[in-house]
Amino acid sequence: MLARRIKHITLLDSTLRDGAQGEDISFSVNDKLRILEALDSFGLDFIEAGNPGSNPKDLEFFRLAEVRKPNHAQLCAFGATRRCNIAVEDDASVQSLLAANTPVVVLFGKSSLLHVTEILKTTREENLRMISETVSFFKEHGKKVIFDAEHFFDGYYASNDSAVYALKTLEAAQEAGADIVVLCDTNGGMLPYQVYEATAEAIAMLPADVPVGIHAHNDTGCAVANSIMALEAGATHVQGTFIGFGERCGNADLSAILPAVILKMGHHCNGELLRLSETVNVVAEIANVIVPNNKPYVGTSAFAHKAGMHADGVLKNSVSFEHIDPSKVGNKRNFLVSEVSGRSGVLKRVHGFAPNLAKDSPELTAILERLKALEHAGYQFEAADASFELMAKKVLGTYSPHFSVTFYKTMSEFPPGTDDLPSTAAIEIKVDGLTEIAAAKGRGPVHALDNALRKALVVFYPQLNDMHLVDFKVRVLDQKAATAATVRVLIESADAQTNWTTIGVSDDILEASFIALVDSLEYKLAKDG
């Protein structure tokens, strides 16, 4: 046991403030209101929603948030202590924080002597007064105050003199009435043992009833670990962003910290753990970012098993290769199929459409052999669930094609004409002995071919009008072959009910795309019966 155990941890989410400073992240006011609703519904303690003194968008957000108040979380406005040598009541940023009318104010003040003397260009004593007077001002106005000691760890480790001063800034905030004192690794350069050591000393110096928090950035890749070590040292408050994005390398990822606190450390914190994966995906969708597959706890690969031994072990006893039950965080187990898959993993994947197969079935052996042969040729079925199902059904003899293509031709113009559809495709298909010929234009040969194929097929299968392309990816498999290289094409399609992915491989990009297109349409028709 590293330190005294703690029972309740409070969480502050800064997605709408610190997260918004991340590269390629831009929230509209409506985006911020939707994320606020999602995080509040999840059950977080504090939501830091912006700096009303920094931009008109945040001012507008706080005005609207007064009408759409959170049901659970306490909304926080973020801003700095007063400026040097100015009365706190005359500081425009301080007044904007007050005008935001939030129950909680998060104030940041300098804890590093370097920043006091070289950035603020003021004295040690004036900086301490800036902290004390600003905290007191908001306490007098009935606000809960969270003090963020900016650059605390950098100050603490700069020199003995700087360490003493960093601790004095905490003392100044606490004596002025700060409800929570937060130690900030603003530059993100600390390692876990450093965070533990400095946090332990800060907690020992402050009164026992003053909650201490941690705000970590991820510039060493240690933001989550640093946050957990601060908790081990006695901290009871954690700040971060829900997906971990933020300035530079991002902030501590609350979606990894929260389950660790509850499931690994045995502590309690607010937040509906069963909805963790769902909420992460809602926030990602609004922020227009993709959740990395390998993100701990909530990524689609967090509980994915590809190696045959792993899949077999999980099916026998899940703890053999899973550190928690994925359902505890709202995620699910996924068995990937590839040339390294064993019988257990493949059997699990085919169970939905071939329930009578057993581990020793010769048909299962045939599927495995076909799988290995195709992956040797460049296919990758772990990312193409629909094509895998069609391939397995062909091996089992349960697949009946809905159409056949007897001819297709594409042509592109250079330079393109006046419209934005410079490519043309013609196709001939057969359905139950009947022939249909169609032609269509597109933004490129693959788009034109897709349009022509659908145009011909909807004559027989009008339900294809309900289907659309979601994503199209091309990967070169043998770069040394240059323009003659084999390429792998993945196509993700969707209808009103579900999404599915198909794959095509060829040394002709058009042929690879066409293989994936045909599989996509066949899967839709088979799925609809």
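Lys121 lies in the loop between α4 (113-119) and α5 (124-140). Helices here are DSSP runs of H or I with at least four residues, strands are E runs of at least two, and both are numbered from the N terminus. Lys121 is not a glycine, yet its phi is positive, about 60°. Lys121 is exposed, with a relative accessible area of 65%. Exposed means over 50% relative accessible area, buried means under 20%, and partly exposed falls in between, using a 1.4 Å probe and protein chains only.

This is a predicted model, in which local features need pLDDT of at least 70, side-chain atom pairs count only at pLDDT 80 or more, and totals for chains, interfaces and linings use all residues. Residues are numbered from 1 along each chain as its sequence is written, and side-chain values use heavy atoms, with hydrogens and water left out.

Arg248 also has a positive phi without being a glycine, at about 55°. Its loop runs between β8 (237-240) and α10 (254-264). Arg248 is partly exposed, with a relative accessible area of 47%.

Now take the chain as a whole. It has 17 helices and 17 strands. Its C-alpha atoms fill a box of roughly 90 × 60 × 45 Å, taken along the principal axes. Of the 529 residues in the protein chain, 51% are buried. Contact means heavy atoms within 4.5 Å. Among contacts between residues at least 6 apart in sequence, 67% join residues at least 24 apart.

Next come the helix pairs. Two packed helices are described by the angle between their axes and the distance between the axes. Axes are lines fitted to C-alpha atoms, for helices over the stretch in contact, and the angles run from 0 to 180 degrees between N-to-C directions.

Start with helix α1 (residues 29-42) and helix α2 (residues 56-65). Their axes come within 9 Å and cross at roughly 45°. That makes α1 oblique to α2. Angles under 35 degrees count as roughly parallel, over 145 as roughly antiparallel, 65 to 115 as roughly perpendicular, and the rest as oblique. The crossing of α1 with α2 is right-handed. A crossing is right-handed if the near helix is turned clockwise from the far one by less than a right angle, and left-handed if anticlockwise. From α1, the contact takes Val29, Lys32, Leu33 and Leu36; from α2, it takes Lys57, Asp58, Glu60, Phe61, Leu64 and Ala65. Six of the residues in this contact of α1 with α2 are nonpolar, none polar and four charged. Here Ala, Val, Leu, Ile, Met, Phe, Trp, Tyr, Cys and Pro count as nonpolar, Asp, Glu, Lys and Arg as charged, and the others, Gly among them, as polar.

Helix α7 (residues 160-175) packs against helix α8 (residues 192-205) at about 45°, with the axes 10 Å apart. α7 and α8 are therefore oblique to each other. Their crossing is right-handed. Leu167, Leu170 and Glu171 in α7 meet Glu201, Ala202 and Met205 in α8. The contact of α7 with α8 has four nonpolar, no polar and two charged residues.

Further along are helix α14 (residues 362-376) and helix α15 (residues 385-396), whose axes come within 9 Å and cross at roughly 130°. α14 and α15 are therefore oblique to each other. This crossing, too, is right-handed. On the α14 side are Glu363, Ala366, Ile367, Arg370, Leu371 and Leu374; on the α15 side are Phe388, Met391, Ala392, Val395 and Leu396. Nine residues in the contact of α14 with α15 are nonpolar, none polar and two charged.

What lies inside? In soluble globular proteins, nonpolar side chains tend to be buried together. A nonpolar core is a set of buried Ala, Val, Leu, Ile, Met, Phe, Trp, Tyr and Cys residues joined through side-chain atoms within 4.5 Å. The largest such core has 86 residues, and those with the most contacts inside it are Phe61, Phe152, Leu170 and Phe242. Not counting residues up to four places away in sequence, Phe242 touches residues including Asp13, Leu39, Phe42, Leu254 and Val283. A second, separate core of 32 residues includes Ala386, Leu390, Ile429 and Ala438.

Glu322 sits in the loop between α12 (308-316) and β11 (334-335). Glu322 is buried, with a relative accessible area of 6%. Arg129, in helix α5, is partly exposed at 40% relative accessible area.
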